[in-house]
Amino acid sequence: MQYPEPIAKLIESYMKLPGIGNKTATRLAFYTIDMHKDDVTDFAKALISAQRDLHYCSICGNITEEDPCAICQDKSRDQSVILVVEEPKDIMTMEGMREYHGLYHVLHGVLSPIDGKGPEDINIAGLLKRLQNDQAKEVIIATNATPEGEATATYMSRLIKPAGIKVTRLAHGLSVGSDIEYADEMTLLKAVEGRQEM
Ligand SMILES: [Zn+2]
């Protein structure tokens, strides 16, 4: 049986989201039909606004409504440390810990030769530029504990260290292959405290 066009389209849209297969998409689509009209309108507006009203911070690459982002604008933060993450959502995770008060830099990916992702495809140049002008004394590399995350950390360390800036890597608290996103706050805190010089 063919679904009517409007619901078929909705199922198709849900299936474009990560981790959502046909079954879940169908369930969500039918759920949406029964939702309160205002909630559906809010949902549609939120989808459009999230893309239209958010930009990447021109300094750190974080998602933000205003440029520079609130973290880069906050002069009370420790300007001597920059913590490097793969994605903007990792900043939210680190901030959840409430123990880190330095600055951030978002790479928007990692080096991955298999996917054809080289140094020019991620935001490394932006970081090197910051290091020339800023007062940064330490760069903490918090890429995920995946082979690509490790390779990216090593690559960056080789670029940054000659400038006389200390480069550290999050400690073992994070298990191999794990994403920062899924680490609990205590594990993250230990990983930051126990960071090791590269
Ligand atoms: Zn920023």
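Q: In this predicted model, how many Å separate the centres of domain 1 and domain 2, taken over C-alpha atoms?
A: The domain assignment of the protein places domain 1 at residues 5-52 and domain 2 at residues 61-197. Taken over the C-alpha atoms of this predicted model, the centres of domain 1 and domain 2 are separated by 33 Å.

Q: Which element of the protein has the lowest mean pLDDT?
A: The protein as a whole averages a pLDDT of 90, and 94% of the residues score at least 70. Among its elements, strand β4 (residues 102-106) has the highest mean, 97, whereas the lowest, 77, belongs to helix α8.

Q: Is α5 roughly parallel or roughly perpendicular to α8?
A: Helix α5 (residues 88-97) packs with α8 so that their axes are 9 Å apart, at an angle of about 90 degrees. The contact is made by Met94, Gly96 and Met97 of α5 together with Glu185, Leu188 and Leu189 of α8, and these residues divide into four nonpolar, one polar and one charged. Because angles of 65 to 115 degrees count as roughly perpendicular, the orientation of α5 relative to α8 is roughly perpendicular.

Q: Is tyrosine 100 buried or exposed?
A: Tyrosine 100 is found in the loop between α5 and β4, and, leaving aside its neighbours within four places in sequence, it is in contact with Leu83, Met94 and Val192. Since a residue with 20 or more other C-beta atoms within 10 Å counts as buried, and tyrosine 100 has 20, tyrosine 100 is buried.

Definitions and conventions
Residues numbered from 1 in each chain as written. Predicted model: local features only at pLDDT ≥ 70, side-chain atom pairs only at ≥ 80, totals over all residues. Domains from an automatic or database assignment. pLDDT = per-residue confidence, 0-100. Helix = DSSP H or I, 4+ residues; strand = E, 2+ residues; numbered from the N terminus. Axes fitted to C-alpha atoms, helices over the stretch in contact; angles between N-to-C directions. Parallel < 35°, antiparallel > 145°, perpendicular 65-115°, else oblique. Contact = placed C-beta atoms within 7 Å. Nonpolar A, V, L, I, M, F, W, Y, C, P; charged D, E, K, R; others polar. Buried ≥ 20, exposed ≤ 12 C-beta atoms within 10 Å, placed from the backbone.
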